[in-house]
Amino acid sequence: MAEHTGMVEKRGAGLWLTHLGLIIGVAFIFFPIWLAFVASTVSQPEIVRPPMPLLPGDQFFENYSKALTAGINAPVALMLGNSLFMALGIAIGKIAISLLSAFAIVYFKFPGKKLFFWLIFLTLMLPVEVRIVPTYEVIANFGMLNSYQGLILPLIASATATFLFRQFFMTVPDELAEAARVDGAGPMRFFFDILLPMSRTNIAALFVILFIYGWNQYLWPLLITTDPSMNTIVMGIKQMFPSGDDIADWPVIMATSILAMVPPVIVVVGMQKLFIRGLVESEK
Amino acid sequence: MATLTLNNVKKSFGKTDVIHGVSIDVEDGEFIVIVGPSGCGKSTLLRMVAGLETITDGEVQIGGRRVNEEEPMARDIAMVFQNYALYPHMSVFDNMAYGLKIAKVDKAEIADRVNQAAKLLQLEPYLTRKPRELSGGQRQRVAMGRAIVRKPAVFLFDEPLSNLDAKLRVQMRLEIRALQRELGVTALYVTHDQVEAMTMADRMIVMNGGVADQIGKPLEVYANPATEFVAGFIGSPPMNFLTCGLIGETGDDRIGIRPEHMRLADAGEGRLNAQAAFCEVLGAETLVHLRCVDGTQVTVRQDAAKAIPDEGTNVGLSWAGANEMRFDSNGQRI
Amino acid sequence: MEKRVTFKGIWLPLLLVLPQILITAIFFFYPAGQAIWQSLFIPDPFGLSMQWVGLGNFEYLLSDRFYRASFITTAVFSILVTVVSMGVALYLAILADRLIKGSGTYRTLLIWPYAVAPAVAGVLWLFMFNTRVGVVTWYLGLLGYDWNHVLNEGEAMGLVVVASAWGRISYNFLFFLAGLQAIPRSVIEAAAIDGAHFWTRFRTIVWPLLSPTTFFLLVVNIIYAFFETFGVIHTITSGGPQQATTILVYKVYSDGFVGQDLGSSAAQSVILLVIVSLLTVIQFKYIERRVHY
């Protein structure tokens, strides 16, 4: 994003007002997160007798180690592992099958190409939420309830990544493929030696987006992981609330909430440039 | 190093014929330039030789062997592309070595050949750089290097200089020609620039609308064009064309005279009257542009020492009959 | 668009598309087909056989008071989420765009919520407004306001809207900021020289030039509000009170999985499918137009 020169009116008081406005916005954005963090560092009695403190307490280590090792239904460390596995599975799986099919669609002529193209692109339209019941039945019939395959496979069936790679491959000059042919490279050799390395940034950007997408899934894991040891962290939080009138173990729940955001936040903030580029490009 | 033979090679896309049958026997070590305006099929012809386009009909032989069905790699050719087509993520060394690696040439041999090519092309300091860190001329050299290391039987060039600025183009033109002579490799070179064709070719193929209008040595083609198209396309400024009627003859024939063969004379004298429109003084020579009574534009190229007519003055034009070329209504030389 | 060069072969490309085709067929087309098929039947009370009812499930749905209410709930919810999150995001983007230095820092801070799952966002907001322990609830109580989204339908809606909008601000902010920064500085400076003040400039120049971004975000946010907010609603209100926050996606879930009414749930899926398709077509039309610019 380009730097630009400011106009006269941005000087002085106006500038401070701008900062003030932004700081209020940032405070609004961060207040819920801050509060969750504070709650994850204090003891249960401090929370149930409102108002709770607004500054961190001294129970950080106790709450987090309790959450990670014991949790409520299952240790949060286990759920973190499940989430990580699912998010990586979705991101890598989707990127892999999309790269291959985009390569086939762009660089080959074969019977049924148009049909495949449209079959794949129809799936752009439908989020998993719309077809949950029958998809659930498919997974149940395959015996994939409470399994990683069951968590991952249905969420790979989407065309956004294929679409993005197709767009990118179309911009790769034809002559590169020709040069590779003259150099004696077959299609797969061209794919691995030339196309894949050239797609590095696109792959990385997409990885960030898909990782977040996979990590943040809620409804699907909720349906197919009835076994607490297969819960993902995002859906597992809700399971930590007691039914009925029992009081929730807020410090542990909030510690879990914080733990649930740490990996995606690290990925998003750490790979900010790639992520923004990927986001703006894939949605355009 | 090998001979290259095209035997009535044709290409159609669906029902559209783009190459109507081209034949030529290229001798070992010969430098052939295919020249013509855009859309004349010259690139398609080259790509058929390369194996990047299928051959609809006819035969291509390299070293006496039919290669119609061969993959590009198996044809023993190397190609230099218009936009160079360097692999952007590979270093200069890897770009040149890629084909050899695929051919499983052993490492020491690869390094040897690449270094030799780099030396020849003065690319030694840049071997570890990526293509984006090079200038246009250097990229051009890498593309050449990639072709050289393969030690192919035939070099194919697809407008390799059109992305360079004018000065570099002149320099690279000489370099490519010198290199080809030194290596003695048969070359097929496509360009739309008739100056490149004239200066580089042993023989040239002038293409027009999918047909090879003329195949011959540059000076031969220049002095003796087979068609009106060739006459007009080769030579700068282009040949002057007059209708028979303008010089008091009957018929549909058109008459062509090169600008350097026309001389200015006093008004009323010579074979044709015209009005001087403007002059381009180039230093060693002067181009006088004139307009005939029927509106035809004519250019006379004359020595700078000769007198220049004022704009608007009427002058006569004369030329020797031997320098006159006649073309029938189909554009064929009579 | 076609590549000039293609590699030869038929089996290789088929092999390459196979994984995606298989996954799409098994986990997309088959279930989608099933949804359409099931929507035409009702199971008998014992679940042993299916009875053909044609469009009966749809007729029933459209005459169902709760379903129609869910439609309206969804509309209200989506519009509110879209307006609130886009409004806040635009406000912040305009401010950030005015900065010469430091807009990157604010951007880094403001993209956090993008990484927070809707379900987690729901838990965070639930915690603040919890009727027993919520900090905001407690301070509202001090002011004499008795917050109880568990009983009050309006408050429940307000809470899920804010929680959903909160999670979406980052996304909208990034697009608005990119849109604003893409407007040539010279155009705005020319207007300033013409004597237009900030608000006039915004209304007559910035807003019209930003309209492609705005329109795009409008569609995308509505799609988000329709589907991806399930986690927020499930964690905060579970669709209550009195179904006041039962949006369509939530109803598909609650009728299909909790209520086990497969025919109705399938019919609802089909209706959603149609709605999404329409939204997608609008989005694509728009993208096509943008390509032509």
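Helices (H or I, at least four residues) and strands (E, at least two) are DSSP runs, numbered from the N terminus. This is a predicted model, where local features need pLDDT of at least 70, side-chain atom pairs count only at pLDDT 80 or more, and totals for chains, interfaces and linings use all residues. Residues are numbered from 1 along each chain as its sequence is written, while chains are lettered from A and ligands numbered from 1 in the order in which they are written.

**Stop 1: the loop at Lys151(B)**

Select Lys151(B). It sits in the loop between helix H4 (136-149) and strand E7 (154-158) of chain B. Most residues other than glycine have a negative phi, and most peptide bonds are trans. Lys151(B) has 14 C-beta neighbours inside 10 Å, so it counts as partly exposed. The burial scale works on C-beta atoms placed from the backbone: 20 or more others within 10 Å means buried, 12 or fewer means exposed, and in between is partly exposed.

**Stop 2: a cis peptide bond**

Stay in chain B and select Ser236(B) and Pro237(B). A cis peptide bond joins them, with omega about -5°. Pro237(B) lies in the loop between helix H8 (228-233) and strand E11 (240-243) of chain B.

**Stop 3: two helices of chain B**

Two packed helices are described by the angle between their axes and the distance between the axes. Select helix H3 (residues 107-120) of chain B together with H4(B). They pack at an angle of about 135°, with their axes 9 Å apart. H3(B) is therefore oblique to H4(B). Axes here are lines fitted to C-alpha atoms, for helices over the stretch in contact, and angles run from 0 to 180 degrees between N-to-C directions. Under 35 degrees counts as roughly parallel, over 145 as roughly antiparallel, 65 to 115 as roughly perpendicular, and the rest as oblique.

The crossing of H3(B) and H4(B) is right-handed. A crossing is right-handed if the near helix is turned clockwise from the far one by less than a right angle, and left-handed if anticlockwise.

Now show the side chains. H3(B) brings Arg113(B), Val114(B), Ala117(B), Ala118(B) and Leu120(B) to the contact, and H4(B) brings Gly145(B), Ile148(B) and Val149(B). Two residues are in contact if their C-beta atoms, placed from the backbone, lie within 7 Å. By class, the residues of this H3(B) and H4(B) contact are 6 nonpolar, 1 polar and 1 charged. Ala, Val, Leu, Ile, Met, Phe, Trp, Tyr, Cys and Pro count as nonpolar, Asp, Glu, Lys and Arg as charged, and the others, Gly among them, as polar.

**Stop 4: chain B as a whole**

Zoom out to chain B. Count 8 helices and 18 strands. The C-alpha atoms of chain B fill a box of roughly 75 × 45 × 30 Å, taken along the principal axes. Of its 334 residues, 39% count as buried.

**Stop 5: chain A**

Switch to chain A. Here there are 15 helices and 0 strands. Its radius of gyration is 24 Å, well over the 19 Å that the globule rule gives for 284 residues, so chain A is more spread out than a compact globule. That radius is taken over C-alpha atoms, and the rule is 2.2 Å times the number of residues to the power 0.38. Along the principal axes the C-alpha trace of chain A spans about 75 × 65 × 30 Å. Of the 284 residues of chain A, 50% count as buried.

Pick Ala67(A), in helix H3 (residues 60-69) of chain A. With 28 C-beta neighbours inside 10 Å, Ala67(A) counts as buried. Leaving out residues up to four places away in sequence, Ala67(A) touches Val76(A), Val252(A), Ala255(A), Thr256(A) and Leu259(A).

**Stop 6: where chains A and C meet**

Show chains A and C together. The contact takes 85 residues from chain C and 86 residues from chain A. On the chain C side, helix H1 (residues 11-38) gives the most, with 19 residues. That side has 64 nonpolar, 16 polar and 5 charged residues.
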